[in-house]
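Here is a friendly walk through one model, meant to be read with the coordinates open in your viewer. Take a look before reading on.

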Amino acid sequence: MGWSRFFRRRYWDEERAREIQSHIELETDENIARGMAPEEARQAAHRKFGNVTFVREEIYRMNTIGFIESLWQDLRYTFRSLRRNRGFAATAIITLALGIGANTTVFSALDAAMFRPLPYRDPSRLVTIAWVAARGSAEQVTYLGGASLQEMENWRAQKQIFGGVEPFSLPPSTGVEEPVAMVYISAGMLDLLGVQPRLGRGFLPEEGLPGRDQVALLSDSYWVREFDSDPAILGKTIRLDSRVYTIVGVMPSDFQFPPGSKPNAWAPWTEKVESNPSIVARLRPGLSNEQAELEAALVSDRIHYSGRVPWAKMTPEFLPVSDRLNSWLGFNRNARTALLIMMGAVGFVLLIACANVANLLLSRGAKLQREVAIRSAIGASRGRLVRHFLVESMVLAAAGALTALLLTWWLTHAIPTLLPADLRRLFATYELALSKRVFAFTVVVTVLTCLLSGLIPAFRAAHGGVIGGLIGTGRTAGVPRATRRLHIGLQSLQVGLALILLCGAGLMANSFVRMTLTDSGFDTRNLCLVRVSLPQSFPKGPERQAFYDQLLSIVKTLPAVQSAILAAGTPTSLGFGTRRLFAEDALGAGAEPWGGDLLFVGADYFSTLRIPMVAGRSFGPEDRPSSPLVAVIDRRTAEHYWPGQSALGRRFRAGSGAPWVTVVGVVASVKTPSFTSPKGVQIYKPISQGDGVVGSNLIIRTAGDPRPVLAEVRARIADLNPGATVRTAATFDELYATMDAEAAATPRFYMILMSIFAGVALATAAVGIYGVLSYSVAQRTSEIGVRMALGATARDIRRLVMRAVLAPVCAGMIAGVIASLWLTKLLRSLLYQITPHDPLTIVSMAAFLLVVSLAASYLPSRRATRIDPMSALRVE
Amino acid sequence: MLQGTLDLLVLQTLVMGPAHGHTIAHAIEHRSENVLQVEHGSLYPALHRLEDRRWIASFWGTSENNRKARYYRLTPAGRKQLTEQIGRWDQLVRAISRIIRPATE
């Protein structure tokens, strides 16, 4: 069968018809010649020929591909019938578009953040080097940091492991939040990464030497933005980092380095720029990461590593650069958990949408009973009917998917402006885009949606018997029992899923509120912080401490100052550390080791900040450098390691071999930037035992408004050393406002997202309940009419109708509560001060859901009471 | 009629020269001395199939009694096909005769 015949089958049919016609005429002519009467001759010719239509059909079938032909018929029929039922079509398509769109959008974020490979040659072979102490033991600690020049040279010599080792460094002034303006990369870095500039050239080897390094590569976006894509840019100069650079090239638009960062420009790294650079290495071809680590363990003693700890054997670990969790991206485990949870949530939203559309299709299938009966009476097989209905749901799903893609396209452009800072940085690098993977995902989701929403209704609709369908029992018997059961099942599913999402949203909202209500843990009124940094030329060590001590004594003389102290940090700088606390005694050692940070403070730190002392003592003159090491810990840590017992006198250390430290006091926990993470320890050590730590944070408590004092202090600092820079001069209220805003941004974003999903789920479920009930009331009109005629009151009728809702709602809620108890555990890492099983949240969400369900069933039940018995019965 | 033999008969009929469907049907009947009765309608799907395989080609012409009719003629591929089919047919007939009259010598 040729395709040309397929596409011209109508032409061929006409052609054969003419031919057959001519055949019959020829035969008739002959019959007449034999002496028959014309009419008799014609009939004889027809008899001789056989069934003309049958022959034409046979030839037509030869010209077609049966499957495509009937699929085309189904499609055309579906389009016609959907055009006739615009309301039904619009409801189904919008529902599915929301469900699929939410999935596609979240998946495109997941795709961007987790699946897209880094834009380097063979990125899986690029690693960065970390050192692990006490590998495999409970006290394992991983150290990530820069490498000394000697360490880098040692690694470069390991040709059996690496194909190349190249350094880079970030400019020292870069804060965490600001976009990085410029990154220094070694001359060989681009070769190591396997990336070429889109314009111009990379760095020459001699440009990696001090004095020759005034050249720069521009990022594509910076070139477009600042230079209007000037093709003659090469050779021009640009001022970056207070120096003048000659532009030698422009990088491709997807280039990023370090991974996750798109600075404006790159300049050559030289030994003068940074003597402790980060390094990227490419594993030798054919060597797996594990093999490479084994090889490296063999030579690790010969590698000069400046960060060795005396108390444990240290071995190198190669962390793949493309592993987003270990990269410089700052895409942490929490963000990944959150994204996966959001993916799950939108999956539920889609399931609810599918259940809704399945309900719609079920009701519609019941309405089409007569048509189905006629079609099967004239020979349509069951499979053919099922396929017809599946085609209908496929058309709905496809239309939903197309709408969803438009929605996603718009959202991926709008989203980056709505994101909290950490995700915005992530997606500034991994641009959200409708990649091939996203399209493939959409196709898979669409097919699943079609099957999930269409399969059961299709079988159900195709099932109706010929006789029953033709007699049209629908009106008297109400909804068929099997259909009703399916409706109930689907409604229960919707209610259950909606409850899970509501519980998730409720927990996140609850946790968010607790987050914002958490106070600092000490008295921040009239308390302020001044941080001063001294120029690089200022001598290190004791001279610096002397400067700060002098500043402190000056500040103490100011009239409005009640007290002032120096500390090596502040509560707002606590909580970023990763060092872990290991207890000595059996009880404490049994607890999971928490990580956290420590702060070196003076004796009067707690009294000045008014951090309540819970037990024991603060530091005193007895804590000299030579006396036993002591520490004060916060209450939460004490309760975690030594529940129900006093922590005083207990000892802990930072790892096996590290010196033991004795707990002498317990203070209230304070709010730190990582306060939402439940496993943070707060350790205070006396600055006298700090081994030269400089107390450079000036904390001042004033009698009244601290702002005039701050101005005064600034002036005194300028007097004391004109080269000193005031980094911070703010009240703690201001510091906490900033910190809270940053800490809350991400939880707020997820809370809002989850609430939107839960809202959509709830609305969809309510629409589902409303739709099914309206349909069932319409089907039972005559039954209700009879009941009313026999004396049922409006209340009876309302109860009758609403009872139909209670069964699925209750079943769904029970299932939903059970599933919630199980599923919300996944939220644990995103929750603050609330257990995932918080009974109040679950009960109130269930109650809320019940109220919404009853509200959704109110209108149909009221409509039922308005039925006029006379006209309802007259229809029969 | 035996499955597939209609194709063979149609091709053989066209060896004499181009003919239209009506002629072909009658030719088969006459030359088999009315043993093979063709329902004329069943001829057309066969003609369609043969033309689809490019063993025959068709054109509109005028019949002997001045009616428009579609004529078929054998293509070179059809001629080759015919030789092959006749060979296969002869083989089949010989094989069947050997089975049903095993001891004629």
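## Overall form of chain A

Please keep in mind that this is a predicted model. Chain A holds 28 helices and 23 strands. Its radius of gyration comes to 38 Å, well over the 29 Å that the globule rule gives for 876 residues, so chain A is more spread out than a compact globule. The C-alpha trace of chain A spans about 135 × 75 × 50 Å along its principal axes.

How much of chain A counts as buried? The figure is 40% of the 876 residues. As for contacts in chain A between residues at least 6 apart in sequence, 84% of them join residues at least 24 apart.

## The loop between strands 8 and 9 of chain A

In chain A, strand 8 covers 243–250 and strand 9 covers 265–268, and A:Ser261 sits in the loop between them. A:Ser261 is partly exposed, because 19 other C-beta atoms lie within 10 Å, while a residue needs 20 or more to be buried.

The peptide bond that joins A:Phe257 and A:Pro258 is cis, with omega at about -5°.

## Two positive phi values

Which phi does A:Asp122 have? The value is positive, about 45°, although A:Asp122 is not a glycine. You will find A:Asp122 in the loop of chain A between helix 6 (86–115) and strand 1 (126–133). With 14 other C-beta atoms within 10 Å, A:Asp122 is partly exposed.

A:Ser229 is a residue other than glycine with a positive phi, near 55°. The loop that holds A:Ser229 runs between helix 9 (220–227) and strand 7 (237–240) of chain A. Is A:Ser229 buried or exposed? A:Ser229 counts as exposed, because there are 12 C-beta neighbours inside 10 Å and the cut-off for exposed is 12 or fewer.

## A helix pair in chain B

Two packed helices are described by the angle between their axes and the distance between the axes. In chain B, helix 1 (residues 5–14) and helix 4 (residues 76–100) pack at an angle of about 125°, with their axes 10 Å apart. That angle makes helix 1 of chain B oblique to helix 4 of chain B. The crossing of helix 1 and helix 4 of chain B is left-handed.

Which residues meet there? Helix 1 of chain B brings B:Leu8, B:Leu11 and B:Gln12, and helix 4 of chain B brings B:Gly78, B:Gln81, B:Leu82, B:Gln85 and B:Trp89. By class, the residues of this contact between helix 1 and helix 4 of chain B are four nonpolar, four polar and no charged.

## Where chain B touches chain A

The contact between the chains takes 21 residues from chain A and 17 residues from chain B. On the side of chain B that touches chain A, the elements that give two or more residues are helix 2 (21–31), helix 3 (40–52) and strand 3 (68–74) of chain B. Helix 3 of chain B provides the largest share of that side, eight residues.

What is the make-up of the side of chain B that touches chain A, by class? It has three nonpolar, eight polar and six charged residues.

Definitions and conventions:
Residues are numbered from 1 along each chain as its sequence is written. Chains are lettered from A and ligands numbered from 1 in the order in which they are written. This is a predicted model: local features need pLDDT of at least 70, side-chain atom pairs count only at pLDDT 80 or more; totals for chains, interfaces and linings use all residues. Two residues are in contact if their C-beta atoms, placed from the backbone, lie within 7 Å. Helices (H or I, at least four residues) and strands (E, at least two) are DSSP runs, numbered from the N terminus. Ala, Val, Leu, Ile, Met, Phe, Trp, Tyr, Cys and Pro count as nonpolar, Asp, Glu, Lys and Arg as charged, and the others, Gly among them, as polar. Axes are lines fitted to C-alpha atoms, for helices over the stretch in contact, and angles run from 0 to 180 degrees between N-to-C directions. Angles under 35 degrees count as roughly parallel, over 145 as roughly antiparallel, 65 to 115 as roughly perpendicular and the rest as oblique. A crossing is left-handed if the near helix is turned anticlockwise from the far one by less than a right angle, and right-handed if clockwise. The radius of gyration is taken over C-alpha atoms; the globule rule is 2.2 Å times the number of residues to the power 0.38.
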